[in-house]
Amino acid sequence: MDDCQILKGRLMDLAKRAYQQNIYTYSNFLSLAELALLDEIREDISYIHYECFGGNELSERQIVGFGSEEDFGYPGQFPIAVIKITPLLAKFSDELNHRDFLGALMHLGIERDMLGDILVKDKTAYVFCLDKIADYICKELTKVKHTNIKCEMTYLDIPALKPTLVDEEFPVASLRLDGIIAALLKCSRKEALAFFTDKKVTLNGHITGRNSILLKDGDIFSVRGHGKFIFDHSGGNTRKGKIYVHIKRYV
């Protein structure tokens with residue numbers, strides 16, 4: 001049995017347990033490719049509500065939670081903690097990146113599926129993780145590369161974790177998703193199509209291979225490694241008949 005079948009089975013077991021025992025059940029953190037497996041078992045788990053969350057609206061790695069307040073009569077809470085990691089002496093710190101923080105965490109023996117996204121701002125990292133390992137990380141992680149650091153628990157709703165949106169406007173030949181991605185990322189249509197082939201494009205939270213789909217107001221899409229965007233609206237035409245689109249880019 002391959003890894004995909006094992007994960008599908010695990011998710012179906014979580015759904016069944018939530019339904020039979022009237023309790024919320026949660027997966028570990030899943031990658032975008034793993035989250036795409038939910039679409040393949042959607043009919044098999046249609047008897048139970050589920051949603052995905054990774055700590056904030058920009059999270060790529062997310063947990064699947066089965067159950068709802070309507071089903072059970074009480075609210076659930078995703079088992080997510082966020083840890084702020086800062087150098088003890090910022091001016092002597094290495095230039096630390098995502099890979100450095102992830103490597104230091106995994107060196108502690110932590111599996112990747114226990115960790116969500118890692119947001120790095122200047123020399124500070126915010127790590128989303130399962131709440132059951134948060135204390136262990138705070139106690140054991142003391143150095144990243146050659147930099148001595150400190151860890152402290154923080155909150156999911158702090159300003160540093162809130163995304164900002166930047167407005168962009170440009171003309172396109174049509175509202176096709178591949179053409180809009182090509183214009184946004186300033187790449188060729190061929191390069192844009194490769195993102196779909198490589199399963200790097202999500203639309204409204206789901207990986208999509210439908211490059212020709214027409215975007216509608218409010219659609220949220222992302223290209224892994226290149227950002228997340230909201231299709232705000234379209235309106236107005238150029239002299240050559242192209243359509244102006246208005247996009248909000250998460251930064």
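Trainee: OK, so buried means under 20% relative accessible area, exposed means over 50%, and partly exposed is in between, with a 1.4 Å probe and protein chains only. Is Leu38 buried or exposed?

Mentor: Leu38 counts as buried, because its relative accessibility is 3%. Before we go on, this is a predicted model: local features need pLDDT of at least 70, side-chain atom pairs count only at pLDDT 80 or more, and totals for chains, interfaces and linings use all residues. Residues are numbered from 1 along each chain as its sequence is written, and side-chain values use heavy atoms, leaving out hydrogens and water.

Trainee: Got it. Where is the place of Leu38?

Mentor: Leu38 sits in helix H3, residues 37–40. Helices here are DSSP runs of H or I with at least four residues, strands are runs of E with at least two, and both are numbered from the N terminus.

Trainee: And what does Leu38 touch?

Mentor: Leaving aside residues up to four places away in sequence, Leu38 touches Leu11, Ile45, Tyr50, Cys52 and Val64. A contact means heavy atoms within 4.5 Å. Cys52 is 14 residues from Leu38 along the chain, and their C-alpha atoms are separated by 10 Å.

Trainee: Let's zoom out. How many helices and strands are in the protein?

Mentor: The protein has eight helices and 14 strands. Of its 251 residues, 43% are buried. Among contacts with a separation of 6 or more, 59% are between residues 24 or more positions apart.

Trainee: What order do the strands of the open sheet have?

Mentor: The six strands run E9-E14-E13-E12-E10-E11, with antiparallel pairing. Strands E9 (165–172) and E11 (206–207) are at the edges, each pairing on one side only. Two strands pair if DSSP finds at least two bridges between them.

Trainee: Can you give me one pair? Over how many bridges do E10 and E12 pair?

Mentor: Strand E10 (residues 201–203) and strand E12 (residues 220–223) pair over three bridges, in the antiparallel sense. Thr202, for one, has Ser222 in E12 as its bridge partner.

Trainee: Which strands does helix H7 lie across?

Mentor: H7 (residues 177–185) lies across E9, E10, E12, E13 (227–237) and E14 (243–250), at about 115° to E9. For that angle, axes are lines fitted to C-alpha atoms, for helices over the stretch in contact, and angles run from 0 to 180 degrees between N-to-C directions.

Trainee: How many of the residues of H7 are buried?

Mentor: Eight of its nine residues are, including Leu177, Ile180, Ile181 and Leu184. The buried residues of H7 pack against helix H8 (189–197) as well as E9, E10, E12, E13 and E14. Just after H7, Lys186 takes a positive phi of about 55°.

Trainee: Why is Phe92 counted as exposed?

Mentor: Phe92 is exposed because its relative accessible area is 59%. Phe92 is in the loop between strand E4 (80–87) and helix H5 (98–106).
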